[in-house]
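Me: I would like to go through some local features of this model, one at a time. Please give the cut-offs as the terms come up.

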Amino acid sequence: MTSTTRSPLRIGITELRRRPGTQREVEVSVSVPDLAITTARVPEGAEVHVEAVVEAVEGGITAVGRVEAPWEGECRRCLELVTGSLDVELHEVFEPNPTDGETYPIEGDEVDLEPVVRDALLLHLPLAPLCREDCAGPAPETFPTSVEGEGDDDEGERPPDPRWAALDELKLEP
(Lines give C-alpha, C1' and ligand atoms only; values in the text may rest on other atoms or scores of the structure.)
Protein backbone atom coordinates (compact mmCIF):
# COMPACT_ATOMS: atom_id res chain seq x y z
CA MET A 1 0.00 0.00 0.00
CA THR A 2 1.37 3.43 -0.82
CA SER A 3 1.84 6.08 1.82
CA THR A 4 -0.58 8.44 0.04
CA THR A 5 -3.50 6.01 0.36
CA ARG A 6 -4.82 5.41 3.83
CA SER A 7 -6.57 2.10 4.41
CA PRO A 8 -10.17 2.40 5.65
CA LEU A 9 -9.27 -0.40 8.07
CA ARG A 10 -6.78 1.83 9.93
CA ILE A 11 -8.73 3.38 12.79
CA GLY A 12 -7.60 6.46 14.70
CA ILE A 13 -7.85 5.90 18.46
CA THR A 14 -6.59 9.19 19.95
CA GLU A 15 -10.00 10.24 21.27
CA LEU A 16 -10.81 6.74 22.48
CA ARG A 17 -7.65 6.44 24.55
CA ARG A 18 -8.35 9.69 26.38
CA ARG A 19 -11.48 8.18 28.00
CA PRO A 20 -11.58 4.41 28.63
CA GLY A 21 -15.02 3.02 27.87
CA THR A 22 -15.46 5.28 24.85
CA GLN A 23 -16.67 3.45 21.75
CA ARG A 24 -16.49 4.08 18.02
CA GLU A 25 -18.55 2.22 15.44
CA VAL A 26 -16.80 1.15 12.27
CA GLU A 27 -18.67 0.01 9.16
CA VAL A 28 -16.74 -0.33 5.93
CA SER A 29 -16.67 -2.42 2.76
CA VAL A 30 -13.22 -2.87 1.32
CA SER A 31 -11.25 -5.20 -0.94
CA VAL A 32 -8.58 -7.21 0.88
CA PRO A 33 -6.10 -8.81 -1.54
CA ASP A 34 -4.53 -12.26 -1.33
CA LEU A 35 -7.06 -14.02 0.90
CA ALA A 36 -6.55 -17.64 -0.11
CA ILE A 37 -5.66 -21.08 1.15
CA THR A 38 -4.96 -24.06 -1.10
CA THR A 39 -8.62 -25.05 -1.48
CA ALA A 40 -10.61 -21.81 -1.28
CA ARG A 41 -10.25 -18.04 -1.60
CA VAL A 42 -12.01 -14.72 -1.35
CA PRO A 43 -12.18 -13.61 -5.01
CA GLU A 44 -9.79 -10.78 -5.91
CA GLY A 45 -11.64 -7.48 -5.82
CA ALA A 46 -14.57 -8.88 -3.81
CA GLU A 47 -15.97 -6.62 -1.12
CA VAL A 48 -15.28 -7.60 2.47
CA HIS A 49 -17.84 -6.00 4.80
CA VAL A 50 -16.63 -5.12 8.30
CA GLU A 51 -18.91 -3.99 11.14
CA ALA A 52 -17.23 -3.50 14.50
CA VAL A 53 -17.28 -1.49 17.69
CA VAL A 54 -13.84 -0.31 18.72
CA GLU A 55 -13.63 0.48 22.44
CA ALA A 56 -10.95 1.81 24.75
CA VAL A 57 -10.32 -0.48 27.72
CA GLU A 58 -7.72 -0.47 30.46
CA GLY A 59 -4.39 -1.07 28.74
CA GLY A 60 -5.65 -1.36 25.20
CA ILE A 61 -8.41 -1.37 22.62
CA THR A 62 -10.99 -4.03 21.79
CA ALA A 63 -12.68 -4.65 18.45
CA VAL A 64 -15.94 -6.61 18.55
CA GLY A 65 -18.11 -7.21 15.51
CA ARG A 66 -18.32 -9.29 12.37
CA VAL A 67 -16.79 -9.70 8.94
CA GLU A 68 -18.66 -10.92 5.86
CA ALA A 69 -17.14 -11.96 2.55
CA PRO A 70 -17.88 -14.23 -0.42
CA TRP A 71 -15.63 -17.22 -1.11
CA GLU A 72 -15.02 -19.65 -3.95
CA GLY A 73 -13.11 -22.88 -4.40
CA GLU A 74 -13.10 -26.21 -6.18
CA CYS A 75 -15.24 -29.14 -5.08
CA ARG A 76 -12.96 -31.78 -3.57
CA ARG A 77 -14.62 -34.52 -5.61
CA CYS A 78 -15.60 -33.13 -9.02
CA LEU A 79 -13.44 -29.97 -9.10
CA GLU A 80 -16.39 -27.80 -10.15
CA LEU A 81 -16.52 -24.24 -8.85
CA VAL A 82 -18.17 -23.92 -5.43
CA THR A 83 -19.17 -20.58 -3.93
CA GLY A 84 -20.42 -19.46 -0.58
CA SER A 85 -20.23 -16.68 1.97
CA LEU A 86 -18.45 -16.25 5.28
CA ASP A 87 -19.91 -14.51 8.31
CA VAL A 88 -17.27 -14.42 11.05
CA GLU A 89 -17.48 -12.89 14.52
CA LEU A 90 -14.62 -10.74 15.80
CA HIS A 91 -13.49 -10.38 19.42
CA GLU A 92 -9.95 -9.02 19.34
CA VAL A 93 -7.66 -7.03 21.62
CA PHE A 94 -5.02 -4.46 20.62
CA GLU A 95 -2.17 -3.60 23.03
CA PRO A 96 0.95 -1.42 22.89
CA ASN A 97 3.03 -4.57 23.59
CA PRO A 98 1.04 -7.38 21.96
CA THR A 99 1.34 -11.03 22.90
CA ASP A 100 2.29 -12.96 19.76
CA GLY A 101 -0.67 -14.94 18.45
CA GLU A 102 -3.09 -13.55 21.04
CA THR A 103 -3.34 -9.76 20.64
CA TYR A 104 -2.63 -7.20 17.92
CA PRO A 105 -0.40 -4.09 18.12
CA ILE A 106 -1.46 -0.50 18.67
CA GLU A 107 0.56 1.46 16.13
CA GLY A 108 1.01 5.01 17.41
CA ASP A 109 -2.50 6.45 17.57
CA GLU A 110 -4.06 3.84 15.28
CA VAL A 111 -5.12 0.24 15.16
CA ASP A 112 -5.09 -1.65 11.88
CA LEU A 113 -8.08 -3.98 11.47
CA GLU A 114 -6.72 -5.53 8.27
CA PRO A 115 -4.66 -8.26 10.02
CA VAL A 116 -7.70 -9.06 12.20
CA VAL A 117 -9.97 -9.31 9.14
CA ARG A 118 -7.38 -11.31 7.21
CA ASP A 119 -6.85 -13.81 10.05
CA ALA A 120 -10.59 -14.24 10.68
CA LEU A 121 -11.40 -14.93 7.03
CA LEU A 122 -8.45 -17.21 6.35
CA LEU A 123 -9.25 -19.33 9.41
CA HIS A 124 -12.85 -19.78 8.27
CA LEU A 125 -12.34 -20.61 4.59
CA PRO A 126 -13.41 -24.23 3.95
CA LEU A 127 -10.53 -26.71 3.85
CA ALA A 128 -12.34 -29.21 1.62
CA PRO A 129 -15.26 -27.57 -0.23
CA LEU A 130 -17.98 -29.83 -1.53
CA CYS A 131 -20.53 -28.77 -4.17
CA ARG A 132 -23.20 -31.00 -2.59
CA GLU A 133 -23.16 -33.85 -0.09
CA ASP A 134 -23.94 -36.53 -2.68
CA CYS A 135 -21.36 -35.37 -5.27
CA ALA A 136 -20.13 -38.50 -7.03
CA GLY A 137 -17.05 -36.93 -8.59
CA PRO A 138 -16.07 -36.32 -12.22
CA ALA A 139 -16.40 -39.93 -13.43
CA PRO A 140 -18.43 -41.92 -10.89
CA GLU A 141 -18.37 -45.13 -12.97
CA THR A 142 -14.57 -45.10 -13.15
CA PHE A 143 -13.82 -43.62 -9.73
CA PRO A 144 -16.73 -44.38 -7.39
CA THR A 145 -16.98 -42.60 -4.09
CA SER A 146 -18.67 -44.08 -1.07
CA VAL A 147 -21.23 -41.86 0.61
CA GLU A 148 -21.98 -43.03 4.16
CA GLY A 149 -24.90 -45.44 4.23
CA GLU A 150 -24.73 -46.21 0.50
CA GLY A 151 -23.34 -49.43 -0.89
CA ASP A 152 -22.78 -51.05 2.49
CA ASP A 153 -25.42 -53.76 1.96
CA ASP A 154 -25.28 -53.97 -1.85
CA GLU A 155 -21.76 -55.26 -2.37
CA GLY A 156 -21.28 -57.59 0.58
CA GLU A 157 -17.75 -58.12 1.84
CA ARG A 158 -14.97 -56.88 -0.39
CA PRO A 159 -12.04 -59.18 -1.15
CA PRO A 160 -8.96 -58.54 1.00
CA ASP A 161 -6.26 -56.27 -0.32
CA PRO A 162 -3.46 -58.50 -1.68
CA ARG A 163 -0.83 -56.16 -0.25
CA TRP A 164 -1.85 -57.33 3.22
CA ALA A 165 -1.85 -61.08 2.38
CA ALA A 166 1.40 -61.70 4.29
CA LEU A 167 -0.39 -60.73 7.49
CA ASP A 168 -2.81 -63.65 7.01
CA GLU A 169 0.19 -66.01 7.48
CA LEU A 170 1.10 -64.41 10.79
CA LYS A 171 0.17 -66.53 13.83
CA LEU A 172 -0.03 -64.74 17.16
CA GLU A 173 -0.01 -66.64 20.45
CA PRO A 174 -2.36 -65.44 23.19
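Reply: This is a predicted model, in which local features need pLDDT of at least 70, side-chain atom pairs count only at pLDDT 80 or more, and totals for chains, interfaces and linings use all residues. Residues are numbered from 1 along each chain as its sequence is written, and side-chain values use heavy atoms, with hydrogens and water left out.

Me: Where does Ser7 lie, and is Ser7 buried or exposed?

Reply: Ser7 lies in the segment before strand 1 (10-12); helices (H or I, at least four residues) and strands (E, at least two) are DSSP runs, numbered from the N terminus. Buried means under 20% relative accessible area, exposed over 50%, and partly exposed in between (1.4 Å probe, protein chains only). Because its relative accessibility is 7%, Ser7 counts as buried.

Me: How far is the backbone nitrogen of Leu9 from a polar atom of the side chain of Ser7?

Reply: A polar contact is a pair of N or O atoms within 3.5 Å; within protein, one must be able to donate a hydrogen and the other to accept it, and residues adjacent in sequence count only if both atoms are side-chain atoms. Between the side chain of Ser7 and the backbone nitrogen of Leu9, the distance is 3.1 Å.

Me: How many disulfides does a search of the whole structure find?

Reply: A disulfide is a pair of cysteine sulfur atoms within 2.5 Å. The sulfur of Cys78 has its closest cysteine sulfur in Cys75, at 3.7 Å, which is too far for a bond. For Cys135 the closest cysteine sulfur is that of Cys131, at 3.6 Å, also too far for a bond. The number of disulfides found in the whole structure is 0.

Me: What is the relative accessible area of Cys135?

Reply: Cys135 is buried. Its relative accessible area is 2%.

Me: Which loop holds Leu79, and what is its phi?

Reply: Leu79 is found in the loop between strand 5 (60-74) and strand 6 (81-95). Leu79 counts as exposed because its relative accessibility is 60%. Although Leu79 is not a glycine, its phi is positive, at about 65°.

Me: Within what arc do the buried residues of helix 2 fall?

Reply: In helix 2 (residues 114-124), the buried residues are Glu114, Val116, Val117, Ala120 and Leu121. Seen down the axis, they line one face of the helix because they fall within an arc (taken from the directions from the helix axis to the C-beta atoms) of 165°.
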